[in-house]
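Student: Hi! Could you walk me through this structure before I set up my calculations?
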Amino acid sequence: MSDINTFKNGIELKNVSSGYGKKKVIHDVSLFIPHGEITAILGENGSGKTTLLRTIAGLIDYEGSITVDGEEVKKMPYKERAKKISLLSQMNSAYFSYSVYETVKMGRYRFQKGFFDTYKDEDIKFIEECMKRADILDIKDERIGELSGGQLQRVYLAQLFAQDSEYIFLDEPTNHLDLKYRVKLEKELQEKKVSTLCVYHDIRAALDMADNIILIKNGEIVKQGKTCDIKKSEALNLTFDMDVLSYLS
């Protein structure tokens, strides 16, 4: 059973199931993700972490109810959903050869009123600030197809920042990042109190960074709660079928 708290603002799931075609991956999930805090999803490979993240973002059809600050996700127009939620997925090799600047600029799409560029001076300034945050301003004219994995990850992080959504979703956000950029990203999320939901493979990193933890196994929630409580809980061991607590101590 998950521990559901009541907050004024946040993301709430009630009896949510989802999957691909006829195959269900997420089974009858109910949980709450608070606004203004970092929540990490932990579980073994194939447990449904990414499917849960993409379902909440409205990218996978679902049964049940998912509300963001009281609004049902599946009923939100695209731009309204983009205002609420932005998602950084795991990278793949399928992308067009835009420049770094053009790629980051796409994050401002929801602010445009037509099909043609209508970027205001404040948009341009904000895009440059986002590139500075991701430390990519010096490569803004390079083609993204020519970048290293770490550089490309920082480009997509800058694009995510440019979208300026109320909630950001991250799927393995520190993959491909050098240690200094990983530390910088985690520190920024903590200091700016960004409402964040992230999938993590690194258990220790998630426990160090997140305010809340969601443990998932076979598409079902094992436990949800404050990180300090999860650290003392046997639920970690149940989730990973090993003595995680001893390993981390």
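Tutor: Happy to. One definition to begin with: two residues are in contact when heavy atoms lie within 4.5 Å. Also keep in mind that this is a predicted model.

Student: Thanks! So which strands does helix H1 lie across?
Tutor: Helix H1, residues 49–56, lies across S1, S2 and strand S4 (62–68). The helix runs at about 120° to S1.

Student: What order do the strands have in that sheet?
Tutor: The order is S2-S1-S4-S5, in an open sheet of 4 strands with antiparallel pairing.

Student: And which strands stand at the edges?
Tutor: Strand S2 (23–34) and strand S5 (71–72). Each has a single partner strand, so one side of each is left without a neighbour in the sheet.

Student: How many bridges join S1 to S2?
Tutor: 8 bridges join strand S1, residues 10–20, to S2, and the two run antiparallel. To give you one partner to look for, Gly-19 is bridged to Lys-24 in S2.

Student: What holds paired strands together, in general?
Tutor: Strands of a sheet pair through backbone hydrogen bonds, and the pairing can be parallel or antiparallel.

Student: I've clicked on Glu-12. Where does it lie?
Tutor: Glu-12 lies in strand S1. Its relative accessibility is 26%, so Glu-12 counts as partly exposed.

Student: What is Glu-12 in contact with?
Tutor: Leaving aside neighbours within four places in sequence, Glu-12 is in contact with Leu-31, Phe-32, Ser-65, Ile-66 and Thr-67.

Student: Switching topic: what about the 6-strand sheet, which order does it have?
Tutor: That open sheet runs S6-S7-S8-S3-S9-S10, with mixed pairing. Its edge strands are S6 (85–88) and S10 (220–226), and each pairs on one side only. From one strand to the next, the twist averages 15°.

Student: Which strands does H5 lie across?
Tutor: H5 lies across S6 and strand S7 (167–171). Its direction is at about 180° to S6.

Student: How many residues are in the largest nonpolar core?
Tutor: 47 residues, and those with the most contacts inside this core are Val-100, Val-104 and Ile-136. Helix H5 (residues 149–163) supplies the largest share, 8 residues. Apart from this core lies another, of 26 residues, among them Val-16, Met-76, Tyr-167 and Ile-221.

Student: What does Val-104 touch?
Tutor: Not counting residues up to four places away in sequence, Val-104 touches Ile-127, Met-131, Ile-136, Val-155, Ala-158, Gln-159 and Ala-162.

Student: Last one, on rings. How many aromatic pairs does the structure hold?
Tutor: It holds 0 aromatic pairs.

Student: Then which residue lies over the face of Phe-161?
Tutor: Arg-133 does, at 4.0 Å from the ring centre. Have a look at Tyr-181 too: Arg-154 lies over its face, at 3.9 Å from the ring centre.

Conventions. Residues numbered from 1 in each chain as written. Predicted model: local features only at pLDDT ≥ 70, side-chain atom pairs only at ≥ 80, totals over all residues. Heavy atoms only, no water. Phe/Tyr/Trp six-rings, centres within 6.5 Å; stacked < 30°, edge-to-face > 60°. Lys NZ or Arg CZ within 6 Å of the ring centre and 35° of its normal. Core = buried A, V, L, I, M, F, W, Y, C linked by side-chain atoms within 4.5 Å. Buried < 20%, exposed > 50% of the residue type's maximum accessible area, 1.4 Å probe, protein only. Pairing = 2+ DSSP bridges. Axes fitted to C-alpha atoms, helices over the stretch in contact; angles between N-to-C directions.
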